[in-house]
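Please work through the following exercises with the sequence and the model at hand. Each task is followed by a solution in steps.

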Amino acid sequence: MTEDNAAQNAAQEMTRAKEVLAEAHHLLTGGFYNGVVTRAYYAAFHGARALLITRGLESKTHRGVIQLFNLHFVKDGPFPAQMAEHLSHLETYRELSDYTAHAQFTEKQAKTELARAEAFIAACRSLVGPSKTL
């Protein structure tokens with residue numbers, strides 16, 4: 001992947017993160033709180049993928065994205081550890097929402113998870129670079 005391709009791909013991931021956040025907001029308005037939790041995770045996931053791409057890294061699995069992200073952006077910086085915890089937390093809640101029939105998130109929980117995703121995306125956006133921000 002060339003530097004130009006990487007920049008374009010990272011920008012596309014950030015655009016997708018923004019779109020998925022918008023989807024989450026629509027689901028929140030409709031009262032689909034489990035859907036909000038799922039979309040919040042995917043927004044953060046796309047933000048993490050954008051950062052990995054800036055370093056020429058990719059993973060085919062969700063767990064791999066999180067592991068690479070933690071190794072290359074959290075362990076030695078520059079990503080704040082608290083923000084990185086948001087990604088793992090969002091993934092756990094997404095799995096509950098998607099795979100546990102009795103999991104029912106409340107409006108308050110959905111709003112909290114959406115706020116986590118928005119904070120995570122903002123932190124990612126600041127590291128992707130000004131020419132690639134939304």
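The exercises below concern a predicted model and treat a residue, a helix crossing and aromatic rings in turn.

**Exercise 1.** Determine where Glu95 is found and whether Glu95 counts as buried, partly exposed or exposed.

*Solution.* Begin with the secondary structure: Glu95 is found in helix 4, which covers residues 81–99. Next, take the relative accessibility, which is 32% for Glu95. Finally, compare sequence and space: Glu95 and Val37 are 58 residues apart in sequence, and their C-alpha atoms are 9.4 Å apart.

**Exercise 2.** Describe how helix 2 and helix 4 cross, and state which residues make the contact.

*Solution.* Helix 2 spans residues 33–54, and its axis comes within 8 Å of the axis of helix 4. The two axes cross at roughly 140 degrees. An angle has to be over 145 degrees to count as roughly antiparallel; helix 2 and helix 4 are therefore oblique to each other. The crossing of these two helices is left-handed. On the side of helix 2, the contact residues include Val37, Tyr41, Tyr42, Phe45 and Ala48. On the side of helix 4, among them are Leu87, Leu90, Tyr93, Arg94 and Asp98. Sorted by class, the contact of helix 2 with helix 4 has 10 nonpolar, four polar and three charged residues.

**Exercise 3.** Classify the aromatic pair of Tyr42 and Phe45, and locate both residues.

*Solution.* A pair of aromatic rings is described by the distance of the centres and the angle of the planes. The count of aromatic pairs in the model comes to eight. In the pair of Tyr42 and Phe45, the ring centres are 6.3 Å apart and the planes stand at 80 degrees, so the pair is edge-to-face. Both residues lie in helix 2, three residues apart, which is about one turn of the helix. Tyr42 and Phe45 are both buried.

**Exercise 4.** Which parts of the chain does the pair of Phe69 and Phe120 tie together?

*Solution.* The geometry comes first: Phe69 and Phe120 form a tilted aromatic pair, with 5.5 Å centre to centre and 50 degrees between the planes. Phe69 lies in helix 3 (residues 62–74) and Phe120 in helix 5 (residues 107–128), so the pair ties together parts that are 51 residues apart in sequence. Phe69 is buried, with a relative accessible area of 0%, and Phe120 counts as buried at 0% relative accessibility.

Notes. Residues numbered from 1 in each chain as written. Predicted model: local features only at pLDDT ≥ 70, side-chain atom pairs only at ≥ 80, totals over all residues. Heavy atoms only, no water. Helix = DSSP H or I, 4+ residues; strand = E, 2+ residues; numbered from the N terminus. Buried < 20%, exposed > 50% of the residue type's maximum accessible area, 1.4 Å probe, protein only. Axes fitted to C-alpha atoms, helices over the stretch in contact; angles between N-to-C directions. Parallel < 35°, antiparallel > 145°, perpendicular 65-115°, else oblique. Left-handed = near helix turned anticlockwise from the far one by under 90°. Contact = heavy atoms within 4.5 Å. Nonpolar A, V, L, I, M, F, W, Y, C, P; charged D, E, K, R; others polar. Phe/Tyr/Trp six-rings, centres within 6.5 Å; stacked < 30°, edge-to-face > 60°.
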